[in-house]
Amino acid sequence: MQNMRIGVHIALQNIQMMSAPALIDGIVAADRDGLDTAWLTVGGPAPDPFAVFVGAALSGAERITFGTSIVPTYPRHPISMVQGAASVDQMAPGRMILGLGPSHKPAIEGTWGMPFHKPLSHLREYVTICRALLEEGEVNHEGELITARAQLPGGPTQVQTMISALREKAWSLSGEITAGGISWMSPLPYIRDVALPAQQAGADLAGRDRPQMVVHTPIILSEDTEAIHAAARRQFGFYQRLPYYSQMLQDAGYDEAAGTDFTDRMADALIISGSESEVGDRVRTMHDDYGVDELLAAIVVLVDDAESHITRTRAFLGELAQAD
């Protein structure tokens with residue numbers, strides 16, 4: 001699409017089968033299908049995204065951009081993060097988007113056993129360090145929360161740094177100091193009415209143009225409303241129990257997000273579903289009606305034959321991405 005990029009979350013349905021080779025195959029297929037960006041989420045001991053991206057570049061992914069959405073900041077020092085992103089840039093120059101975020105208290109303290117302290121301040125310092133190393137080739141930073149002193153062999157890279165964002169302060173930070181903000185589980189009217197103005201305000205504060213608005217949205221090629229709602233409750237129902245997501249949804253006008261039930265109304269607001277024609281029509285309005293610069297599609301599977309459904313949906317999204 002001329003005004004909006006379309007990327008896809010590379011995921012495997014059976015987490016027990018998740019492997020770097022399988023993810024590489026998915027990225028190569030997305031490249032072949034004409035999608036603009038292959039995105040990987042990062043959680044726990046899943047395959048390292050930078051190693052996967054290098055493998056994909058060596059395995060035939062010739063033009064697609066690689067993006068992380070997101071790498072949690074607390075478990076990795078920013079110098080270590082830059083090592084991975086710079087390695088991808090050396091193998092695929094100008095094709096790496098480093099998406100960073102603090103994640104959430106239950107994940108950081110529960111999984112990693114690390115204190116979740118001042119997440120927005122931590123993210124600001126983290127991004128400042130990463131950008132200095134990636135864009136200038138050196139950093140000398142001694143902040144309140146992080147210290148980093150290093151030079152990057154080979155000098156500056158072409159890596160873009162983005163952050164995850166849910167509420168206004170994070171969106172403002174994305175506009176102020178990053179190449180873009182990445183949403184998740186956010187209704188499109190909230191993106192237009194809350195996220196975009198906050199991102200623009202941050203950009204205005206810094207005297208720069210508004211950066212990219214990347215909207216991570218579940219996509220379901222199905223007209224079975226009952227099955228869609230059931231899948232939404234099963235796969236996304238826990239998000240409202242996370243404080244940041246619950247409050248964002250309440251800010252968006254879904255008071256029921258304060259409770260425990262993931263309602264059909266919330267599912268309809270968060271998921272793009274329907275026939276290929278219906279999904280295509282909705283996707284084509286996202287840039288002009290909601291200010292979306294890139295759709296990050298999360299393919300949701302309802303059928304038993306997951307592989308064929310993912311293949312079909314990915315090819316369909318690739319056709320949209322290449323359309324004038």
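This is a predicted model: local features need pLDDT of at least 70, side-chain atom pairs count only at pLDDT 80 or more; totals for chains, interfaces and linings use all residues.
1. Helices here are DSSP runs of H or I with at least four residues, and strands are runs of E with at least two, both numbered from the N terminus. On that basis the protein chain has 13 helices and 12 strands.

2. Residues are numbered from 1 along each chain as its sequence is written, and side-chain values use heavy atoms, with hydrogens and water left out.

3. The C-alpha trace spans about 55 × 45 × 40 Å along its principal axes. Buried residues (under 20% relative accessible area, with exposed over 50% and partly exposed in between; 1.4 Å probe, protein chains only) make up 54% of the 324 residues. Of the contacts (heavy atoms within 4.5 Å) with a separation of 6 or more, 71% are between residues 24 or more positions apart.

4. Rings of Phe, Tyr and Trp (its six-membered ring) pair if their centres lie within 6.5 Å; planes under 30 degrees apart count as stacked, over 60 as edge-to-face and the rest as tilted. The count comes to 6 aromatic pairs. One of them, Tyr74 with Phe116, is tilted, at 5.4 Å centre to centre and 45 degrees between the planes. Tyr74 lies in the loop between strand S4 (71-72) and helix H3 (78-91), and Phe116 in the loop between helix H4 (105-111) and helix H5 (119-136), so the pair ties together parts that are 42 residues apart in sequence. Tyr74 is buried at 13% relative accessibility, and Phe116 is buried at 12%.

5. Trp184, Phe236, Phe238, Tyr239 and Tyr245 form one aromatic cluster.

6. Some backbone details deserve a look. The peptide bond from Ser69 to Ile70 is cis, with omega near 0 degrees; Ile70 is in the loop between strand S3 (65-68) and S4.

7. Ser103 is not a glycine, yet has a positive phi of about 70 degrees. Ser103 sits in the loop between strand S5 (96-101) and H4 and is buried at 19% relative accessibility. Met185, also not a glycine, has a positive phi of about 55 degrees. Met185 is in the loop between strand S9 (180-184) and helix H7 (188-206), and is buried with a relative accessible area of 2%.
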